[in-house]
Amino acid sequence: MRYAGICSYIIKASGLSAGTKYKYISHKALAENLTPGTAYSWRVGYEGHWSPIGHFRTEDASQGEFSFLIMSDSHIMNETYVKEARRCALAAVKTVPEARFCCFPGDFVEDGTIANSEWEWERWFEEAMEPVIKAMPIVPTDGNHDDSPNINYTYHFNTNNDFNISITNKPQFEGITYSFVYGDALFLVFSMQDFWRESYDQLNRTWSTYLDDHVSYWFRQQTAVHPMTKYRISLAHFNLFSGSDHSIDEEPPLFRNCMLPTMKACEIDVALQGHDHTYEVIGPVNPDDCTPILDAISDREEVPVDGNKNRTGYKNGTYRTDDGTFYFIGATCGHKRYYPHSRERMEADYTEDPALLFDGKHHNVKNYFDLFTGMFGQPEAPCFTKITVKDDCLEFNSYTADDDQGNVTLINTMRIVRTKEHTVPALQ
């Protein structure tokens, strides 16, 4: 596999010439018959070459309240990116030592595609995210920057691959769409990346066989198999809604057309997203008309509008998901940052003209800025969020990692509540 890559900054960072290649062997193991509520230790390697010892704890037989982390978009590309992501990982483990796992929705590295650099993946595992990896399992899915004909992603992760096996035109990577139940929550981890691998509407971006048929059916199937969980949480890299540079990409109108009916039918409470590198609290969103459900929001704190740090003048709050999904982007755990668009810019970017919609300059969400119902801005530091699954809510606590000693600043606290029981969607 190409190790140094072909980009000048990777060559400089790795200290190797362009195109340097190494051979690798990818080992995968499956741990079975584990005991509930038990701490396990592990290491990999062979005599004289063992990794540091890592740990994880299995779910209790009757799991009550628990916490997990979400971090995203490290984009490992040089030592600055490694350093800031590691700062975030160290702070997260120090602040939330009880976390059971860490969700990471893609863009682990900067250079997928043909530029491919295995050096970036090594830095992700061995430096940037090593503190988290040693303390808990990773819950991954792929991002657009992870694309590579070398399929590095597949070599590095070992998650359930039943979804890929069940469809005819396979996604590029194994194990990017899978589910699990932990405590009182159903987690639906999925990838929208391969929407084009089967037929899709290239002109008006209104349908995709992959999303409309395979992903939608899988969502319905999983919620039908696990009907009694109190919370339904999805995790994906791409955004259905976002408020920075990716809001005007070509793909989101397609993703909304395909996935909003599914989010509605499956009554998804929270959609955890990556990709946009900005801190964004969105909704709950009415899936029928893409409007915020304002009477489902309470206890918001009004604060001064602060330029790029908080465009809305809101923080904290309680958000009820009985009739719509709450969308969340927790900024970036690394160095690559985007900035929130203003109301004026969002209104100027709006179009109803299909000829303009996919030019990379427009979106089709009317009154888009109104969807941002909580804190909306760029924290200007690596970020992570602790999510605690409680009996009466999902509690979000978001932090910036302030230094290399693990010091943090709490920037936002929210409660996601549901008062209606979930229903079971019909299988199509």
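Buried means under 20% relative accessible area, exposed over 50%, and partly exposed in between (1.4 Å probe, protein chains only). The structure is a predicted model, in which local features need pLDDT of at least 70 and side-chain atom pairs count only at pLDDT 80 or more, while totals for chains, interfaces and linings use all residues. Residues are numbered from 1 along each chain as its sequence is written, and side-chain values use heavy atoms, with hydrogens and water left out.

**View 1. Helix α8 and its buried residues.** Helices (H or I, at least four residues) and strands (E, at least two) are DSSP runs, numbered from the N terminus. The buried residues of α8 are P252, P253, L254, F255, R256, C258, M259, L260, T262 and M263. These buried residues pack against α7 (209–225), β10 (231–236), β11 (270–273), β18 (325–330) and α10 (354–357), where contact means heavy atoms within 4.5 Å.

View 2. At M259, shortly before the proline P261, α8 has a kink of about 40°. The bend at a residue is the angle between axes fitted to the seven residues ending there and the seven starting there.

**View 3. The salt bridge between D288 and K264.** A salt bridge is a side-chain nitrogen of Lys or Arg within 4 Å of a carboxyl oxygen of Asp or Glu. The count by this rule is 21 salt bridges. In the bridge between D288 and K264, the closest N and O atoms are 2.9 Å apart. This pair links distant parts of the chain, 24 residues apart: D288 lies in the loop between β12 (279–286) and β13 (291–292), and K264 in helix α8 (residues 251–265). D288 is exposed at 56% relative accessibility, whereas K264 is partly exposed at 44%.

**View 4. The charged network around R123.** E122, R123, E126 and E127 are linked in a network of salt bridges. Side chains of opposite charge can pair when their charged atoms come close. R123 bridges to E122, with the closest N and O atoms 3.8 Å apart, and the side chain of R123 also meets that of E126 at 3.7 Å, N to O. E126 and R123 both lie in helix α3 (residues 118–128), three residues apart, about one turn of the helix. R123 is buried, with a relative accessible area of 9%, and E122 is buried at 16%. E126 is partly exposed, with a relative accessible area of 49%.

View 5. The peptide bond from G283 to P284 is cis, with omega near 10°. P284 is placed in strand β12.

**View 6. Positive phi at two loop residues.** D299, although not a glycine, has a positive phi of about 65°. The loop that holds D299 runs between β14 (297–298) and β15 (301–302), and D299 is exposed, with a relative accessible area of 59%. N316 is not a glycine either, and has a positive phi of about 60°. N316 is found in the loop between β16 (314–315) and β17 (318–320), and is buried, with a relative accessible area of 19%.
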